[in-house]
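The stops below are given in the order in which to select them.

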Amino acid sequence: PTYRLENDAVSYLPHPDGCQSISLVGQVFDGQGVPVPGVYAVHVWGAAVDATVTAGSSPRWGPAGYEVTLSEGLHALTVELQLVDITGNQALSEVYRIAAVPECGLNLIVANFVPLSP
């Protein structure tokens, strides 16, 4: 793997749109902390979700932002998350298991990717 989750963790925040859903969002950064849109993709699967989205496809969360809706409504669930190349064929990070918390103040899960330190 060449990338990891920033701080090796995700953050849980209140979704700015309210409590209607649980979303996984984030960005991909280079070694200088600069967002890198259009080069990488994020694969999320499990709990009736299987989506691969391009970093940069959801600029609401930043220049290299992505977003995957994990559930409509607030439900406890677990998904797998991995950074991949733009074709979706090459893994660029380990697989991370992410648990959603079915609470209104914790329904936005932020997962940013950064390069592994040399």
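**Stop 1: an aromatic pair**

Select Tyr-3, which counts as buried because its relative accessibility is 8%; buried means under 20% relative accessible area, exposed over 50%, and partly exposed in between, with a 1.4 Å probe and protein chains only. This is a predicted model, in which local features need pLDDT of at least 70, side-chain atom pairs count only at pLDDT 80 or more, and totals for chains, interfaces and linings use all residues. Residues are numbered from 1 along each chain as its sequence is written, and side-chain values use heavy atoms, with hydrogens and water left out.

The count of aromatic pairs is two; rings of Phe, Tyr and Trp (its six-membered ring) pair if their centres lie within 6.5 Å, and planes under 30 degrees apart count as stacked, over 60 as edge-to-face and the rest as tilted.

**Stop 2: the whole chain**

Zoom out and colour by secondary structure. The protein has zero helices and ten strands; helices (H or I, at least four residues) and strands (E, at least two) are DSSP runs, numbered from the N terminus. Along its principal axes the C-alpha trace spans about 40 × 25 × 25 Å. What is the radius of gyration of the protein? It is 13 Å, which agrees with the value near 13 Å that a compact globule of 118 residues would have; the radius is taken over C-alpha atoms, and the globule rule is 2.2 Å times the number of residues to the power 0.38.

Of the 118 residues, 43% count as buried. Among contacts with a separation of 6 or more, 70% come from residues 24 or more positions apart; contact means heavy atoms within 4.5 Å.

**Stop 3**

Start with strands 4 and 5, which are antiparallel and joined by six bridges. His-43 stands opposite Thr-52 in strand 5. The two strands form a hairpin with two residues between them, and Ala-47 in the turn has a positive phi of about 55°.

Move to the other partner of strand 4. Six bridges join strand 4 to strand 7 in the antiparallel sense, and Val-42 has Leu-83 in strand 7 as its bridge partner.

Next, strand 7 (residues 77–85) pairs with strand 8 over five bridges, again antiparallel. Leu-77 is opposite Ala-100 in strand 8. In a regular strand the side chains alternate between the two faces of the sheet. For strand 8 (residues 96–100), the covered face holds Tyr-96, Ile-98 and Ala-100, while Arg-97 and Ala-99 are on the uncovered one.

**Stop 4: the disulfide**

Which residues does the disulfide join? Select Cys-19 and Cys-104, whose sulfur atoms are 1.4 Å apart; a disulfide is a pair of cysteine sulfur atoms within 2.5 Å. Cys-19 lies in the loop between strand 2 and strand 3, and Cys-104 in the loop between strand 8 and strand 9 (108–110), 85 residues apart. By this rule the count is one disulfide. The torsion about its S-S bond is about -40°, so the disulfide is left-handed. Cys-19 counts as partly exposed at 31% relative accessibility, and Cys-104 is partly exposed at 35%.

**Stop 5: Pro-14**

Finish with Pro-14, in the loop between strand 2 (11–13) and strand 3 (21–26). Is Pro-14 buried or exposed? At 52% relative accessibility, Pro-14 counts as exposed. Leaving aside residues up to four places away in sequence, Pro-14 touches Cys-104, Gly-105, Leu-106, Asn-107 and Leu-108. Pro-37 is 23 residues from Pro-14 in sequence and 25 Å from Pro-14 in space, C-alpha to C-alpha.

Notes
Two strands pair if DSSP finds at least two bridges between them.
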